[in-house]
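Please read this note with the sequence and the model open beside it.

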Amino acid sequence: MADEAARYLGFAFASADLLFELNGDGVVSFALGAARQVAGVDLDALAGSALRDIVSEEDQAIVDAFLGSLEPGDRRGPIRIALKPKPGRKLKRYGALCACRLPQLDPVVSCSLTLRVMGSAAAEAKGPNGLHSAESFAEVTENAIKQAARTGVELNMELVELAGLRNAAGALTKGQAAVAMQKVAAALRAESYDGSSAAELQPERYALLRPKAEPLHRLTERLEKLVADIGLETVKPSLDSLELDPASAPDEGLRTLRVALDRFITDGAQGETLSGVVEKTAAEVEVLKSTVASRDFGLVYQPVVNLSTSEVDHYETFVRLGDDASPAQKIQMAEEMDMIQDLDMAVVQAVVQQLLKSTNTKLRLAANISARSLMRPQFAEKLLTVMRYAQPVRGRLIFEITESAALGDLKRADALVRGLRRGGAAICLDGFGSGTASFDYLREVAVDAVKIDGRYIRELTTLGSRNGVLVRHLAGLCRELKVTSIAQMVETKETVAALRQVGVECGQGFLFGRPEATPTPPVRSWQMMKAAQA
């Protein structure tokens with residue numbers, strides 16, 4: 001029998017640093033193990049103290065919620081908790097807490113505590129009361145799924161709606177409301193995977209990751225009991241569950257989930273479940289992949305006009321996907337799904353084909369490419385290959401770099417841009433002035449042209465205004481650097497006159513023509529230009 005007890009003790013210490021029992025009041029009644037290493041006190045001193053005495057203040061609420069939700073027969077954990085520093089130390093420590101409430105020992109709770117580093121799923125929470133924000137929760141979900149794939153743990157994502165929480169909390173005093181919200185957050189964290197995978201997505205809307213083995217109805221029961229215990233009986237919890245499958249195309253699946261979660265948060269439920277939004281998003285992703293692979297898209301062309309000569313300098317090419325008048329949402333999806341380089345390359349190839357088949361040898365076309373695509377060495381090399389096999393388009397093809405914030409390494413970006421220029425393409429930087437780093441881009445990257453962000457142009461009223469001063473200096477800087485300046489969103493004759501006066505070379509906007517199916521000068525733009533000149 002002694003050997004049997006020693007065997008069980010060996011198993012216990014193989015998985016834990018400290019074993020202890022809590023009585024019905026949450027006080028340690030028995031302890032065994034590395035008390036000084038874990039709790040900073042001797043075993044004798046630990047007995048008779050409350051568990052809260054060794055838990056960092058920020059995590060005492062989650063420990064209370066975790067232990068308070070245990071029913072006879074329950075075994076829960078591990079959850080990550082922050083421990084108080086050792087005496088004389090400031091270093092924050094973490095432990096993994098497990099608990100079991102055996103019916104034959106009730107109300108005693110058997111616990112184990114193991115020192116550990118912060119797990120990969122336990123990124124710093126950026127929301128209130130230890131909850132993640134929607135942004136950090138996406139990162140946590142990605143890390144947790146990858147970790148689950150390695151360890152074999154099956155996870156679900158639970159969407160929790162606490163309808164009426166704001167009104168119920170608003171009826172309490174400020175202090176009572178703060179305590180109530182802290183208890184709600186602690187309860188959700190205690191239910192989550194590792195105790196650190198819960199988030200507040202929106203007011204009254206929460207999400208958490210949980211092991212699939214945990215019954216969903218128990219979560220509902222615990223939340224109903226919680227809101228009743230803290231005096232929020234009018235709050236009605238409702239849950240929606242999504243099974244996370246790390247085995248099916250993990251990278252694409254994670255990206256699809258992130259896009260779907262963003263949509264669910266932004267658009268609201270609107271009668272749809274999260275699983276429904278995920279399925280709908282996955283279907284849209286497949287359609288987009290098929291569209292790009294089959295080149296089943298259209299191109300439209302908007303003129304960019306030389307403000308001095310009134311001649312069309314070149315046309316910017318825009319892609320049209322399906323029946324949508326604007327492809328912005330699908331392009332954003334392509335970026336989020338890491339498909340943008342495939343779409344960009346397909347559009348570049350279509351633009352090159354348009355130049356090759358055109359009888360107008362002076363026709364110049366600009367193709368948009370995302371900075372994310374450009375910064376991939378394979379993409380830039382493929383661009384050069386396309387240009388080598390299409391020599392007649394040398395000097396007639398412009399690459400317009402969008403989302404320039406993604407350029408990142410400007411020295412590398414400059415090397416890529418110089419290579420494309422040597423290949424016979426001109427390079428234009430889109431949206432110049434829209435970010436604080438735009439001047440660094442102009443200083444570090446050898447581009448041929450910049451497009452001045454339309455916000456400065458649309459609000460260009462007088463040359464003495466703030467916008468007028470900025471545009472004048474931008475135009476002067478471009479002249480000195482021998483970089484062509486292009487104004488976006490030119491919509492009035494007065495704007496044209498002001499742009500000419502400050503020296504902006506080209507303009508683009510509805511005044512000169514809307515995007516059309518063929519790159520031919522619209523009659524209306526000529527009339528507008530002549531009227532503007534007069």
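**Notes on sheets, pockets and a cavity**

1. An open sheet is built from five strands in the order β2-β1-β5-β4-β3, and the pairing is antiparallel. Because β2 and β3 stand at the edges with a single partner strand each, one side of each is left without a neighbour in the sheet. On average, neighbouring strands of this sheet are turned by 25 degrees against each other, direction ignored. Strands pair here if DSSP finds at least two bridges between them; helices (H or I, at least four residues) and strands (E, at least two) are DSSP runs, numbered from the N terminus.

2. This is a predicted model, in which local features need pLDDT of at least 70 and side-chain atom pairs count only at pLDDT 80 or more, while totals for chains, interfaces and linings use all residues. Residues are numbered from 1 along each chain as its sequence is written, and side-chain values use heavy atoms, with hydrogens and water left out.

3. Tyr 94 stands opposite Arg 116 in β5. Helix α4 (residues 60–68) packs on the sheet and touches β1, β3, β4 and β5; contact means heavy atoms within 4.5 Å. The direction of α4 makes about 170 degrees with that of β3, where axes are lines fitted to C-alpha atoms, for helices over the stretch in contact, and angles run from 0 to 180 degrees between N-to-C directions.

4. The next pair is a hairpin. Strand β7 (residues 198–202) pairs with strand β8 (residues 205–211) in the antiparallel sense, over four bridges. Glu 200 has Tyr 206 in β8 as its bridge partner. Two residues lie between the strands of this hairpin, and Glu 204 takes a positive phi near 75 degrees.

5. Eight strands form a closed barrel, β10-β11-β12-β13-β14-β15-β16-β17, with mixed pairing. One of its pairs is β15 (residues 449–452) with β16 (residues 484–487), parallel over four bridges. Ile 452 stands opposite Ala 487 in β16.

6. Which element gives the most to the lining of the largest pocket? It is β11, with five residues. The largest pocket holds about 970 Å³ of space. Its lining has 36 residues, and the closest to its centre are Glu 316, Phe 318, Asn 368, Thr 402 and Asp 430. The lining divides into 13 nonpolar, eleven polar and twelve charged residues. Ala, Val, Leu, Ile, Met, Phe, Trp, Tyr, Cys and Pro count as nonpolar, Asp, Glu, Lys and Arg as charged, and the others, Gly among them, as polar.

7. On a 1 Å grid over the protein atoms alone, a pocket is an open set of points with protein on both sides within 12 Å along at least five of seven lines, a cavity is a set where a 1.4 Å probe fits but cannot get out, and lining residues have an atom within 4 Å of a point. Points are joined across faces, edges and corners, and a volume is the space filled by probe spheres set on them.

8. The second largest pocket holds about 640 Å³. Among its 23 lining residues, Ala 12, Leu 19, Ser 110, Cys 111 and Ser 112 lie nearest its centre. Helix α1 gives the most to this lining, with five residues.

9. The whole structure has one cavity of 30 Å³ or more. The volume of the largest cavity is about 70 Å³. Helix α9 gives the most to its lining, with four residues.
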